[in-house]
Amino acid sequence: MKKTISLILSAIMLISACISVPVLSFADDCEHTSLRIELRYDSNAKKYYAIEVCASCGIEGESGEVSFEKTGDSLKITIHSVPPQEQTIPIYALSGFVSQLSISDSVYNQFSEDFDIPVKQLKCKHPNDKQKAVIDYDTAEEKYIEKFICSDCGVTIEKVEMEIEKSGDNLVISATYNGDTQSQSIGVAEFLMSISQSPIQITDSAKSQLAKLLGVSEKVFTCKHKNAEETVRIKNGKLYGYVSCKDCGLDVSIGEIGTIKKDGNKYVIETKRSDGGTDVKNYTKDELIYLIVSTKELSDESRKNFAEYLGVSASSLAYNPNAKKPGTLKKKSLSSATITGISDKTYTGKKIKQSKIKVVVNNKKLKLNKDYKIVYKKNKAVGKATVKIVGIGNYRDTVKKTFKILPVGVAVKILVKYKKGKNINGYQVQYSTNKKFKKAKSVKVKNKKTVKAKIKNPKAGKTYYVRVRTYKKVGKAYYYSKWSKAKTVKVK
């Protein structure tokens, strides 16, 4: 968009530089400071002209011939000066160009007829909220094209050429714009799920081509996947993730997500992390069954696959929110613990922790990292932070608490200004929240040239009454003037 604005300004400056206002009489005292550029059409010569006109008095300057040549999605503007000057702008940027000129409806209509550009398109500003993205497929070029189209006038604002290739369970998308090509890899399943939920429109030709490339039905691109689910399938000791949708028949792999193997009386599960690393955990059969039945998000197909692997019935792995974790029945619960020492903190730019947490169960003070551990979440930015007290050792369960991270405050001051006194040594500023100045406080200004004073740290929401008087020191005695009329200040 910055490039578009630059092109428009260049075109306007080009026209302005090639026309001039001649030396005319200033009898009407007009200084011709309010000038506009008009685009006119000579129907006899069938030519366009640009002319500067004074908006105040109507005096016209010299005109310059302007010609236009449409090529594809661009328009070349030529100023017939010596030497001729040219500027090319995209068709969609014409509205920005013509909005800088004064053009009559008849010239708009002539321009529209000459260059086959609707008047509505010429005048349209292409607001951002009216721009829609459309993915199309050019069968001749064998390329995908993402277009940004103005829904108000139908003009294509930008085009991005794309090449989409499948590589295993991923798509490699290469996008080219203004000669710059950037590539990105995305999982096939992630692409299909996100594209159907986004406002991007896909033409029938693009749907057909993508469906062939990915081996899916075209229904996938219009389905909202309300009944989609992720499943885990086990093949030769490897765990594979799949995304399936009963509504459109989608069933695509997200690739290998880990491995599972039996080692003695333990099941060793190794899972891949998003950062490329792996997590390895050992489970007894009972512990693995508990993990499956207590995980709500696990699909029925996944439960069936694990049941076959473990040699148990599928019904025994059904979701059970009340399942008891093996080996934890004798442990004491933290659910009834008294937890103190958590308070709101002020933002520091670093992760904030609580240093005075105290956990008590049945009048017994528990020890950190022996009976419980502390886990923080969102404890850096301003907002609500979470601290979890997690039972370990002989204790179980987790208690979640929150505290606020507050923004750094600023000091509030009341600035009192007054007129400079004569034949004095200084000023006394008195203030109080009582209009009769009970329990008043004061600020002494010893410099007679200083005509302002600050009242520090006033309380928010309070109304203050302020008055000023001067003083003169004679010998060891101080003489004070009468108090000024009190002013009121409301602290927000």
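The model is predicted, so local features need pLDDT of at least 70 and side-chain atom pairs count only at pLDDT 80 or more, while totals for chains, interfaces and linings use all residues. Residues are numbered from 1 along each chain as its sequence is written, and side-chain values use heavy atoms, with hydrogens and water left out.

Visitor: How many disulfides does a search of the whole structure find?
Guide: A disulfide is a pair of cysteine sulfur atoms within 2.5 Å. The sulfur of Cys 57 is too far for a bond from its closest cysteine sulfur, in Cys 54, at 3.6 Å. Cys 245 is likewise in no disulfide, the nearest cysteine sulfur, that of Cys 223, being 3.8 Å away. For the whole structure, the number of disulfides found is zero.

Visitor: Is Cys 245 buried or exposed?
Guide: Buried means under 20% relative accessible area, exposed over 50%, and partly exposed in between (1.4 Å probe, protein chains only). Cys 57, at 29%, is partly exposed. Because the relative accessible area of Cys 245 is 3%, this residue is buried.

Visitor: Which strands are the edge strands of the open sheet of six strands?
Guide: Strands (E, at least two residues) and helices (H or I, at least four) are DSSP runs, numbered from the N terminus. Two strands pair if DSSP finds at least two bridges between them. The sheet has the order 11-10-9-8-7-12, with mixed pairing. Pairing on one side only marks the edges, namely strand 11 (180-187) and strand 12 (201-202).

Visitor: What angle does the direction of helix 5 make with that of strand 11?
Guide: Helix 5 (residues 188-197) packs on the sheet, and strand 7 and strand 9 are among the strands that it touches. Contact means heavy atoms within 4.5 Å. Axes are lines fitted to C-alpha atoms, for helices over the stretch in contact, and angles run from 0 to 180 degrees between N-to-C directions. With strand 11, the angle is about 100°.

Visitor: Which residue of strand 8 does Val 134 stand opposite?
Guide: Strand 7 (residues 131-138) and strand 8 (residues 143-150) run antiparallel, joined by eight bridges. In strand 8, the residue opposite Val 134 is Lys 147.

Visitor: What distance separates the C-alpha atoms of Leu 101 and Arg 36?
Guide: Leu 101 is in the loop between helix 2 (94-98) and strand 6 (102-103), and counts as buried at 10% relative accessibility. Leu 101 and Arg 36 are 65 residues apart along the chain, and their C-alpha atoms are separated by 7.1 Å.
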